[in-house]
Every structure is written in structure tokens, then in C-alpha cells.
Amino acid sequence: MKKLSLVLSAAALLFVGLTSEKKEITTLAIGADMPGKDLELTRTDENKTTLKDFKKDKGTLVIFSCNTCPFVVGSDNFEGWENSYNDIQAVAKANNIGAVLVNSNAAKRDKGDNLEDMRKRAEEKAYLMDYVLDKRSRLADEFGAKTTPHVFLFDANDKLVYEGQINDAYKPNNKKVKEYLKDALNALGTDKKIKNSKTDAVGCGIKRK
């Protein structure tokens, strides 16, 4: 677990460095309207899209992700949240909620997070969710997204109902994982109250230019 602790510390340092050098990032509050619905995003097939294209009857799930963070792709002591993406998509689909992965790592386009890298990663891991590029981190800025991953779940009226982490599987010696996102998806899909609407976003800082 020592390596995972080092990874956590490194991610924290990266995020601190980001916020001290750039403008302060304010994350959307629960109940806020979805911003950036018309911002142009690029699919891995190079076609253009917007968040509006992913919305379904019960809402929209947006996960900021990347190809390079160990919290996403895994490390020696944590398999990485990427491995749960297809299960999450299945839960979202069952609840008639649209879902999309967004790569906003504008400062790492030449270091593993460009469109071709994204296409290869999506194919290699057989992503069921669409994976789109946020060219200048504009969508991340609109959302106040801080980490990879960082989760935002909106209801049918485009109101934010859950924000934070996927689950707490990253914690060392965690015997019972709390599935925050899946619980939120199931609650939203069945018109029930989401018990934990906000959790701490955990991961590597999004690399803005």
C-alpha cells in the first residue's frame, strides 16, 4: 500500500500546484444547472459533438477522465477506476441515463492524452461510453472539474444531483466498497433520493494549459 500512498501524495501535490498557478477552480454545487451544453467536443472518430447529444430521459453522466493518471488506469496496488467504466455504463443505460467520458488534459496532448491516444485506449479497454476530447479544458473549467476522474451526474432537468468520486475502492484495506456513483444512478433512475449527493473528488489534477 506504500506505493498507492505515494501516488495519492503525488496527485495531491499536482492539484495544489495547479490551483496555485492558475485561477481558482470552483466546482459546481449540487442543484446547479449543467453548463457548457453547447461547447464543441471531439469524438475519437473526429466527429464533433456536444453534451446535449448524450442526454437521455433520466439525465446525463459526465466523467472527466484521461489515459495517464494511475487513479484511472491503475497501479500496483489499485486496479484503477477505468476498469469499472463499462459496469457504470451498464447501470446508467439500465436507468435510461446517458453517459460520456471527457478528456480535458490540454497540457498533456503530446504526452499520452491526444485524440489518437484516446482512440487507442478506448479500443484497447473496449469502452462502452463515448470518449471525447475537451480541446482547451473549456468544459472542465465550466464544471470546475478538478481531477481524473471527477464525476458529475445531472437529472432530466439538467440539475446536478451527484458530484465527486466513483467509489472508495482506492482506500487501502477497504473491505466493503461504497459504490457512491452506482447508488446515485440507481436512485436517479427510480426517482429516489440520492443519499450521498457529494463526495470528495480523488485523482490526479486535470492538466490545463
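Predicted model: local features only at pLDDT ≥ 70, side-chain atom pairs only at ≥ 80, totals over all residues.

Reader: What makes the pair C69 and C204 a disulfide?

Author: The S to S distance of C69 and C204 is 2.2 Å, and the cut-off is within 2.5 Å, so the pair qualifies as a disulfide. A search of the whole structure finds one disulfide. The bond links distant parts of the chain, 135 residues apart, with C69 in the loop between β3 and α2 and C204 in strand β9.

Reader: Why is the disulfide called right-handed?

Author: The torsion about the S-S bond of C69 and C204 is about 80°, and the disulfide is therefore right-handed.

Reader: How do you know that C66 is in no disulfide, and why does C66 count as buried?

Author: The nearest cysteine sulfur to that of C66 belongs to C69 and is 5.1 Å away, whereas a disulfide requires sulfur atoms within 2.5 Å. The relative accessibility of C66 is 1%, and because buried means under 20%, C66 counts as buried.

Reader: Why are the buried residues of α3 said to line one face of the helix?

Author: The buried residues of helix α3 are Y85, I88, Q89, V91 and A92. Seen down the axis of α3, these buried residues fall within an arc of 165°, so they line one face of the helix. They pack against β3, α2, β4 and α6, while K93 and A94, on the other side of α3, are exposed.

Methods
Residues numbered from 1 in each chain as written. Heavy atoms only, no water. Helix = DSSP H or I, 4+ residues; strand = E, 2+ residues; numbered from the N terminus. Buried < 20%, exposed > 50% of the residue type's maximum accessible area, 1.4 Å probe, protein only. Arc of directions from axis to C-beta. Contact = heavy atoms within 4.5 Å.
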